[in-house]
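Please keep the sequence and the coordinates at hand while reading.

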Amino acid sequence: MQYTQETVKTLSQCFLQTLATDSEPRKQAENFLKQAADQAGYGMVIMQIVCEPSVEEEVRQAAAVNFKNHIKFRWATPDSDVSSSVISIQDPEKEQIKGAIVKVMLSTPPKIQSQISEALAIMSQHDFPRKWQTLLPELVSSLSSATDYTTINGILQTANSIFKLFRYKFKSNELYIDLKYCLDGFCVPLLEIFQKTGLIVAANTAAPAILKPALICQRLCCRIFYSLNFQELPEFFEEHIADWMGEFHKYLTYTNPLLAENDPEKTSVVDDLKAAVCENINLYMEKNEEEFQAYLSQFATDVWGLLMTVSLNPGQDRLATTAIKFLTTVSKSVHHKLFADLATLTQICESIVIPNVRIREEDEELFEMNHVEYIRRDMEGSDLDTRRRMACELVKGLSSHYREQVTGMFNGYIQSMLQQYAANPAQNWKAKDCAIYLVVSLAPKQASSGAAGTDLVNFEQFFSSQIVPELREKDVNSNSLLKADALKFLTTFRTQVPKHLTLELMPQLIGFLVAESNVVHSYAALAIEKLLAIKDGKQTRYTSACLTPYLQPLFANLFGALKLPESQENAYVMRCIMRVLSIADIGPFAVQCLGELTKILAEVCKNPSNPSFNHYLFEAVAALLRNACEKDPGQVATFENLLFPVFQTVLENDVTEFAPYVFQIMAQLLETRRPPIPPTYLHIFPALLTPLLWQRQANVPGLVRLLQAYLQKAPQEINQGNQLTQVLGVFGKLVGSKNSDHQGFFILNTVVENLSFEALSPYMPEIWNVLFTRLQFRSTVKFTKSLIIFASLFGVKHGPQRVIETINSVQPELFTTILDKIWIPNLTFISGDIETKLCSVFATMLVAPLFQSSKEMLVGKLMNSVMTLLVKPEEERVEEDKDVPDMDEVAGYVAVYAQLHNAAKKEDDPLKDIKDPKEFVAKTLAGVSQQYRNLSAILQQGLEPANMTALGQFCGAYGVTLG
Amino acid sequence: MMNHGGDGPAATNLRRDPFKTSVGKGAGQRRRQAAITIGKDRRDSVVRAKRLRRADPADHGDGDAMQLAAVAADDDVAYKLLEDSTAAAVLNLKNIGKKATPKKVEALQTLRRLLSCSAYPPVHVAVQAGVVPLLVDCLGFGASEDQLFEAAWCLTNIASGDPEQTRAVEPALPLLILHLGEKNPARVVEQCAWALGNVAGEAEDLRDWLLRQGALSALARNLSSPIITLVRTAAWALSNLIKGPNSRAATELMKMDGIVDTLVRLVSNGDDELVVEVAWVLVYVTSMSDLHSSQLIHAGLLPPLVARLAVSHHQPLLTPVLRTIGNIVASDNSKCDAVLAAGQSLPGGINGALARILETEHRTLQKEAAWVVSNLAAGSILHKRAVFNGGAVSPLLYLLATSTFDVRKEAAYALGNLCVAPRDQGEEGKPILEHLNVLVDRGCLMGFIALVKSPDLESARLGLQFLELVMRALPDGKGPKLVEKLDGIAAMEELQFHANEELRIMSNMLIDQYFGEDYGLEEEFVSGDARTQYGPEYPPWRRGGLAA
């Protein structure tokens, strides 16, 4: 593609159209651009449009975004052995783009610049530094000649993003070579610009317009400092440590009212810079304590002072958390004695910890307005950078050396908070919130094993005097925040609450399910769900009998909660439903629950939006189905009647997200049926073989499972309906790919298990052909293993002679070759108990036929593999599968397949009669040796000594001898 | 019906592959010092790569210069005077011309005094005044011993300056090398070696240049000299010359006839100060090739070297001795055997010697010693037992609990290695329960959890690996409970969104595996308990056996 007036005009037009509100022209333009992007030179042309001042601003912006995406998807060179539909940018054009992009980025307005800068960062991830030697020198020279801070900050922004990799890669020689290259090139200019800008900051205290970009520049310098120092302390930085620390100190103590933000939500440039400085000194404190030691007391004072003045505004959150983090690091370090003094400890706790732990108006607002986010932070651990969490981390840090003092102090604070609350509950409820928060957060993070408690307060006392009264309150809607706190407390320490007490509280918990507050009813659902999941040993603590008295209100309120505003798709509630349905003795409630769930299902089908809610919804259906039909298989018809219409909607309207679930549940239904199966199933069978369905990766596991269920329940119908060819077509397609070949074998194995040899035999040559072609051209360990397992299964079902004959019908003597070259060498890699038994048994069955066909020279090798398979532990013989999956099949957006645990499939043993393969081996060989007297000599020759000894032991154990 | 064929892709990809790095591969490994350094060379703080020669103890004629220097240190005016005197001395030397030996020696002496009287002598002035060509002239054939000595001294101090000053002496290098020959008086040879040592300490291209000019063998031959100071200086200069990163020089050195025996003899007989320099030669030699180590071991290096480790209190000596031993044990098990054997005649053996150093208050020594222990502990099961019973465990536990980050990290590697079976027995990642139990009982878990929270990626990984080991290996599901009690869940959760993919996947896996939600159905979905059916070493997710 060439840059001409004509192309500029056409493409500009296109970009304009991509902004259209109408979907038709927009799609058209997008398609046009997609095709144009395949042409060589497209990237360069777009970049030129981005820089063209005569083009309208919005077109240039759209072009910049397009350019970034172009780079993102087409810069990487795909692996040569993988065919990909995306045409990547060719090397000569890449060189052109690399040569031009820095200048483009520096000369464009901010909005465009950020896109180009991102594109540059993506390019650098692939090429920098080795394949892009000009980048760093170009940035450095631009930096030295730049005078205005738009340019300078653009360069630093870029440098910052390309150096970020040093923050997350493990040490390696290669990484260090790259790091050294960057250090050699950038250390000196970085310090220069940092110091130069420092002078500007100092000289312009009254000019915010100058100060702001200068301070942004300093922040970027600090972030680059962080990246370059992340792996270890480089020589240059150690030598100039005084320069850097001196500047850092200046900025930590810098104040300038002119730069303050009026909006409490916004972070000022100064605070941003201070936070970056805190991160840097924290890094040094963590890793380079010795070199940093000389500056420690100064910085401790600085940070201390800073925390005394920092406000509770959200705009200062980041500063507060990074500053607290620094003190936390010091408290855990060898210099913890800085805080040893009781007065210091007290001041830290009272002036820094407590104020930051107290609930703020913002948190209350979140509780009311955005319960999802509130729960995420309060309960799900997404609070890593909140003040509350960091303040608690500080307490834990202090406790590592001063546990007794700190515990004593906090016990005191908690008591006095509770007294405050008691004095005037309506006024001082925040004190109680803070107390509960501290008890929960300062305890070790709990898991269901409940190994950790709290040593901050007397648990029983606290629970009975503070938590139980909240839970027992009649009005579930009064002071919701404290209710949520109490529920969270119960959930956290659930294993320590005695069973009888929990059951006593159950009606209250059920009551909270319909509290108005979304947080409260979510927490109530969570609490019930977690309680029901507690296990004492292998048994759940709360059995179906415990639940029976509460089922009626429980179901009423659970489904009631799903009708409350903003909780129609509440995943906590749905998960609780799933849990109850899998434990409870649902009896009479089954139909009612099914009705409710089906209604919800029909509703969410229209617009699936909450994946985790939907997942639990299907889990709940599966749990209900399992629970109900296990006791009364007759109920399956009810399920079919209610569910099929919804399933039909899913399939007809192509609700891609749900199809994988639908197939799993249909399989579950079908598996519950006894043959003959109702005709409805057979009617929809042809539709399930439509190639379109199988093209979607996410459908495949569920469809395979469903297909297996059909083959199991209605093999004759399928065979008589002449649908076996199509089924085997599906098998052929799946087995052709490295990713799905095991799925293909699942189908094939089921076919072989459920059909007579007469029905199978016409297809066998073609089946072997497909398998051997794949074996010849694209074999993998996984494939070979699956092949051996299939052949063994076929053999134990239909006899060894059939295996030999059908394989040899493909090509004379092929069986011997396969056995010798493929089967025997790979036999020892088989894993899984059932599979190991199957393969060893069938291999032993081959011994007699081998003698009969005068192929006894293979017997020694074969039995040696069998013995290894049986004697050696799996982990010593099975190699890790190093096969690379086919990337082209994985790439691109696909709905995800999620396994439904409640619809889990049971594994079946095809050799139930044979309990012990070792016994089978010993007895079979003994039998053969009666007829073929040289067997013993052959085995002596062919078996490794250890295997021979083991075989002797087998024979001894089962009282047989080898001729 | 069954689904034969074992692991579906989901099982393989999600459950096993990303977790390849179990403790067996991480902790159970030997580690060499990084080949590329970006940090400051730690040797610098102990022994400077370039050395100035200050006053000659035999020389009492330094009067003026000494006085000048005494005030010059903190007085700009006096320093200006020193600079002026230096310029004048160079001019004086120039004016004397090519002949007139006695006067010339005197002029050289004056200059030399000016260049050695202060920690920061005015070499820049001398170089600017054109001193180098004059000094090259003084090194010519037929010059007197005094003249050669004084000129070489001047060059030594010039070469001890900034990089550009060091490079300024380049024209003198061929002659300096030439005067290293054994026919020359020892003090001249030593001074020339000193000057060359300074040049070699500067940069790799200069080292290459010196190598091409034959400096290596000329210096090395002087190791056999009976004069101790000369041997010391020659050894120091050699250590600078072979320090790499290219291994060519070290290899060339080791090919010289008799050098191996000479080095061993010096370690056996030399005084502390001499052994310091020789040991640095050994550090570089052993770091570059295992073959070198074998040669030295064969020649009997280890007994005298280990003996030094056991008794010396001289920190500058202990550093290179430790590092040499560390390099040797970073190689194969047979070399570890040799090191252990060499310590047998000592009370407490090598492990006792290492424990002694771990118990010093010296941080860099502790770190080096812990590194050596970690490499010994990465060896065979016998090595692990020897370390475990050898007295190093207590100090290591103490360091893990209390020390600074870099020492803690090394101690953690050592302790971690003690708990995993060797890799070469096909039992990768298999725990050594008798060690693990003891270490956990003595409270090491806390230290590893602290590492999980470290911003250092390798430390975080090591911490996670150890947690994995504890949760997997301790009997009766004790591991997860201990981890939970010590707030390990919170520590792992901090990594769940880490930018490093491996840490992210590992932490998510471990939390899922040991603390995750179960659906409460089949036994196989029960976290923790499920692993018992395969024996404690192989939790099902590692075999890809859990989910369908």
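In residues 214–241 of chain B, the end C-alpha atoms are 11 Å apart, and the span is 75% helix and 0% strand. For residues 391–418 of chain B, the corresponding distance is 13 Å, with 86% helix and 0% strand.

The model is a predicted one, with an ipTM of 0.80 and a pTM of 0.81. Chain B has a mean pLDDT of 79, and 81% of its residues reach 70 or more. Among the elements of chain B, the highest mean pLDDT, 95, belongs to helix α29 (residues 444–452) of chain B, and the lowest, 24, to helix α34 (residues 540–543) of chain B. The pLDDT is below 50 over residues 520–548 of chain B, a stretch that has 60 contacts in the model beyond near neighbours in sequence.

The largest nonpolar core holds 349 residues, of which Phe163(A), Phe237(A), Phe410(A), Ile747(A) and Leu771(A) touch the most other members. Helix α19 (residues 387–423) of chain A gives the most to this core, namely 15 residues. Beyond its neighbours within four places in sequence, Leu771(A) has contacts that include Phe731(A), Phe745(A), Phe783(A) and Phe790(A). A second, separate core comprises 168 residues, among them Val123(B), Ala193(B), Leu219(B) and Ala369(B).

Phe459(A) and Phe489(A) form a stacked pair, 5.8 Å centre to centre and with 10 degrees between the planes. Because Phe459(A) lies in helix α21 (residues 459–472) of chain A and Phe489(A) in helix α22 (residues 480–492) of chain A, the pair ties together parts that are 30 residues apart in sequence. Phe459(A) is buried, with a relative accessible area of 10%, and Phe489(A) is buried at 0%.

Two of the contact partners of Leu771(A), Phe745(A) and Phe783(A), themselves form a tilted pair, 5.6 Å centre to centre with 55 degrees between the planes. Phe745(A) belongs to helix α37 (residues 741–754) of chain A and Phe783(A) to helix α40 (residues 781–798) of chain A, so this pair ties together parts 38 residues apart in sequence. Both Phe745(A) and Phe783(A) are buried.

Ring pairs also link a cluster that includes Phe194(A), Phe237(A), Trp244(A), Tyr284(A) and Phe326(A). Charged side chains meet rings as well: Arg223(A) lies over the face of Tyr226(A), 4.9 Å from the ring centre, and the charged end of Arg388(A) sits over the ring of Tyr437(A), 3.9 Å from its centre.

Note on methods:
Residues numbered from 1 in each chain as written. Chains lettered and ligands numbered in written order. Predicted model: local features only at pLDDT ≥ 70, side-chain atom pairs only at ≥ 80, totals over all residues. Heavy atoms only, no water. pLDDT = per-residue confidence, 0-100. Helix = DSSP H or I, 4+ residues; strand = E, 2+ residues; numbered from the N terminus. Contact = heavy atoms within 4.5 Å. Core = buried A, V, L, I, M, F, W, Y, C linked by side-chain atoms within 4.5 Å. Buried < 20%, exposed > 50% of the residue type's maximum accessible area, 1.4 Å probe, protein only. Phe/Tyr/Trp six-rings, centres within 6.5 Å; stacked < 30°, edge-to-face > 60°. Lys NZ or Arg CZ within 6 Å of the ring centre and 35° of its normal.
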